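Let's take a friendly look at how side chains meet inside a protein. Have the sequence and the 3D view ready, and follow along as we go.

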Amino acid sequence: MRVQRRKKILTTLKQQKYLYLMSLPFVAWVLVFNYFPLWGWTMAFQNFRPGLSFFEQEWVGLQHFIELFQDNRFYLVLRNTLAMSIMGLIVGFTMPILFAVLLNEVRHMVFKRTVQTVSYLPHFVSWVVVAGIVTKMLSIDGGIVNQLLMAFGFVDQPVQFMAKGEWFWVIVTLSDLWKEMGWNSIIFLAAMAGIDPQLYEAAKVDGASRWRQIWHITLPGIRPTILVILILSIGHLMAIGFEKQFLLGNPLVVDYSEVLDLYALNYGLGLGRYSYGTAIGIFNSVVCIILLFLANGIFKRFTNQSVM
């Protein structure tokens with residue numbers, strides 16, 4: 001049995017040798033940039049001091065993790081991270097699907113391509129530029145949002161949106177939606193393009209309306225893609241980065257804008273506490289892995305869809 005399996009593997013390698021050769025650069029890239037840096041995780045268990053060799057470092061075990069879980073600031077930052085991640089997941093996952101479905105129903109090709117192009121463009125704009133646009137639009141000095149609110153009588157004086165912590169999560173979520181919605185819809189549009197057109201023709205013959213065609217053909221047709229993207233999105237729930245929060249935040253809303261990556265940057269690298277910053281990064285990565293396996297296991301059990 002083992003001999004037959006080994007021969008089958010060797011035969012497959014010979015038949016697909018060029019594909020494997022083409023994949024080698026990408027495998028090397030993953031190893032160099034994703035797996036070799038894991039050696040740096042040892043810093044979290046040391047009082048790391050630059051300039052000393054690996055064997056000269058002082059080992060402290062779980063001391064930095066204990067400090068992390070005893071810091072009240074950590075739980076505030078964790079709250080912000082989870083809140084913005086969940087809001088981003090709900091809005092940033094559902095809206096691209098809705099946008100892709102609506103765009104797929106457009107029959108005027110010139111209009112459809114124009115909308116696609118316009119919706120993709122913000123993805124290529126730097127967050128520095130996006131943050132400047134958002135800040136200017138919400139400004140009390142000539143900001144278009146405040147001008148419209150005052151023109152329609154919703155407010156009597158300009159609202160300082162960027163100084164109100166309770167508005168920060170909404171601002172970040174909507175800014176990210178505007179920037180990435182068009183780009184994130186590409187994969188769903190590609191999945192819809194793979195649906196057999198004969199299904200729609202048969203539905204029309206049976207008298208199905210456009211809404212019925214969407215509900216019974218389009219959405220079931222892209223269901224596997226939706227579930228895979230959802231599983232991966234849950235796995236990256238904690239890894240939301242820090243660019244949006246760093247650029248849109250300010251000292252007035254720091255209790256709402258600081259996330260785990262910013263916390264590691266400010267209280268780890270910023271203060272020269274490299275081991276503490278590494279401990280924060282390990283916590284973030286471990287939680288992401290746990291969420292990925294949980295989501296994958298749940299969806300595999302109830303929907304027979306998984307990524308592993």
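This is a predicted model: local features need pLDDT of at least 70, side-chain atom pairs count only at pLDDT 80 or more; totals for chains, interfaces and linings use all residues.

Side chains of opposite charge can pair when their charged atoms come close. The count for this structure comes to six salt bridges.

## Two more bridges across the chain

Glu258 and Arg73 form another salt bridge, at 2.7 Å from N to O. Because Glu258 is in the loop between helix H14 (254-257) and H15, and Arg73 is in helix H4 (residues 72-104), their contact ties together parts that are 185 residues apart in sequence. Glu258 is buried, with 4% relative accessibility. A network of salt bridges links Arg73, Asp255 and Glu258.

Next, find the salt bridge between the side chains of Glu105 and Arg210, again 2.7 Å from N to O. Glu105 lies in the loop between H4 and helix H5 (109-120) and Arg210 in helix H11 (residues 210-221), so parts 105 residues apart in sequence are tied together.

## Aromatic rings

Now to the rings: the structure holds 20 aromatic pairs. One of them joins Phe93 and Phe188 edge-to-face, with 6.4 Å centre to centre and 80° between the planes. This pair connects distant parts of the chain, since Phe93 is in helix H4 and Phe188 is in helix H9 (residues 186-193), 95 residues apart. Both Phe93 and Phe188 are buried.

Tyr263 and Tyr267 make a tilted pair, 5.0 Å centre to centre with 40° between the planes. These two tyrosines are four residues apart in helix H15, so about one helical turn separates them. Tyr263 is buried, at 0% relative accessible area, but Tyr267 is partly exposed, at 29%. Ring pairs also link Tyr263 and Tyr267 into a cluster with Phe69, Phe74, Tyr75, Tyr276 and Phe283.

## Charges over rings

Which ring lies under the charged end of Arg273? That ring belongs to Tyr276, and the charged end sits 4.0 Å from its centre. Arg79 lies over the face of Tyr256, at 5.2 Å from the ring centre.

How values were computed
Residues are numbered from 1 along each chain as its sequence is written. Side-chain values use heavy atoms; hydrogens and water are left out. A salt bridge is a side-chain nitrogen of Lys or Arg within 4 Å of a carboxyl oxygen of Asp or Glu. Buried means under 20% relative accessible area, exposed over 50%, partly exposed in between (1.4 Å probe, protein chains only). Rings of Phe, Tyr and Trp (its six-membered ring) pair if their centres lie within 6.5 Å; planes under 30 degrees apart count as stacked, over 60 as edge-to-face and the rest as tilted. A charge sits over a ring if NZ of Lys or CZ of Arg is within 6 Å of the ring centre and within 35 degrees of the ring normal.
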